[in-house]
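Work through the exercises below with the sequence and the model side by side. Try each task before reading its solution.

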Amino acid sequence: MQNGYGKGNENIYLRCRKEAAKYNERLNSREGAAEILGISVSSLANYELGITKVVPPDMVVMMADLYSAPQLKAHYC
């Protein structure tokens, strides 16, 4: 639980990235996902840890497309 990956701490963005990592190994790490998304690792961490309360809508769309997770768009709305 120290690293923020405990089951109780996972928000939808982290869960979707982990699920997508089963099919794209670059998504196994925040570093790989952040690089693909064109954002900093700290920004992605803030989204996944719930530190950023409102994720920018364009970023939600990019994550939904990259992770093949349309539920991110519905969750955002």
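The model is predicted: local features need pLDDT of at least 70, side-chain atom pairs count only at pLDDT 80 or more, and totals for chains, interfaces and linings use all residues. Residues are numbered from 1 along each chain as its sequence is written, and side-chain values use heavy atoms, with hydrogens and water left out.

**Exercise 1.** Find how helices H2 and H3 pack.

Solution. Helices are DSSP runs of H or I with at least four residues, numbered from the N terminus. H2 covers residues 30–37 and H3 residues 41–48. Their axes, lines fitted to C-alpha atoms over the stretch in contact, are 8 Å apart. The angle between N-to-C directions, on a scale from 0 to 180 degrees, is about 110°. H2 is therefore roughly perpendicular to H3, a class that spans 65 to 115 degrees.

Next, list the contact (heavy atoms within 4.5 Å). H2 contributes Arg 30, Glu 31, Ala 33, Ala 34 and Leu 37, while H3 contributes Val 41, Leu 44, Ala 45 and Glu 48.

**Exercise 2.** Examine the salt bridge between Arg 30 and Glu 48.

Solution. A salt bridge needs a side-chain nitrogen of Lys or Arg within 4 Å of a carboxyl oxygen of Asp or Glu. In this pair the closest N and O atoms are 2.6 Å apart. Arg 30 lies in helix H2 and Glu 48 in helix H3, 18 residues apart. Both Arg 30 and Glu 48 are buried, meaning under 20% relative accessible area with a 1.4 Å probe, protein chains only. Salt bridges with shared partners join Arg 17, Arg 30 and Glu 48 into one network.

Definitions and conventions. Helices (H or I, at least four residues) and strands (E, at least two) are DSSP runs, numbered from the N terminus. Angles under 35 degrees count as roughly parallel, over 145 as roughly antiparallel, 65 to 115 as roughly perpendicular and the rest as oblique. Buried means under 20% relative accessible area, exposed over 50%, partly exposed in between (1.4 Å probe, protein chains only).
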